[in-house]
Amino acid sequence: LLHSQHVPLEYALAAAASNAAAAASNAARPGSSQSPSSSSGGQQADDYLELAEQARGKKTLNKGALAQKRFRERQKERMRQNEQQVTELTQQLAAMHREKERLQSRARLLEQVVSLNLTHEARLHTNKVSRGTQSVLTR
């Protein structure tokens, strides 16, 4: 009966141990006339099958619970990685904003220097031209 139902070995061993314990218990009782081949053997097999089904159900529940636990752990790990990535990218963005401000400030300063140089060269050129004109006029 057990082999036709494809019961795992651990359940078959548990049933055999249970049957042996029950037989020893019955034999130890004084006045017990029940033999192991009596109708209680069929009842024990039914009890065993019921216990095996319950154990399988618990095993399935345990597998499901373990799968859920692993899923939640993976989900937490992904969340932790995403939070770390957000922190790193926020820091990079802040550093880039600071660099942008520094470069814009430098560009404004260089534009002012170029403007002053052009103004100064224009004045020098104007002074040379006006001096040259004065020297031509005084001759």
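**Exercise 1.** What percentage of the 139 residues in the protein chain do buried residues make up?

*Solution.* Start with the term: buried means under 20% relative accessible area, exposed over 50%, and partly exposed in between, with a 1.4 Å probe and protein chains only. By this rule, buried residues make up 6% of the 139 residues.

The model is predicted, so local features need pLDDT of at least 70 and side-chain atom pairs count only at pLDDT 80 or more, while totals for chains, interfaces and linings use all residues. Residues are numbered from 1 along each chain as its sequence is written, and side-chain values use heavy atoms, with hydrogens and water left out.

**Exercise 2.** Find how many helices and strands the protein chain has.

*Solution.* Helices (H or I, at least four residues) and strands (E, at least two) are DSSP runs, numbered from the N terminus. The chain comes to two helices and zero strands.

**Exercise 3.** State the average pLDDT of the protein chain, then describe residues 32-38.

*Solution.* pLDDT is the predictor's confidence in each residue, from 0 to 100. The chain averages 78, and 67% of the residues score at least 70. Over residues 32-38 the pLDDT is below 50. Beyond near neighbours in sequence, this stretch has three contacts (heavy atoms within 4.5 Å) in the model.

**Exercise 4.** Identify the salt bridges and locate their residues.

*Solution.* Step 1: the rule. A salt bridge is a side-chain nitrogen of Lys or Arg within 4 Å of a carboxyl oxygen of Asp or Glu. In general, side chains of opposite charge can pair when their charged atoms come close. The count is two.

Step 2: one pair. Arg-80 and Glu-77 form a salt bridge, with 2.6 Å from N to O. Both lie in helix 2 (residues 40-138), three residues apart, about one turn of the helix. Arg-80 is partly exposed at 43% relative accessible area, and Glu-77 is partly exposed at 33%.

Step 3: another pair. Glu-99 forms a salt bridge with Arg-102, and their closest N and O atoms are 2.8 Å apart. These residues also lie in helix 2, three residues apart, about one turn of the helix. Glu-99 counts as partly exposed at 35% relative accessibility, as does Arg-102 at 44%.
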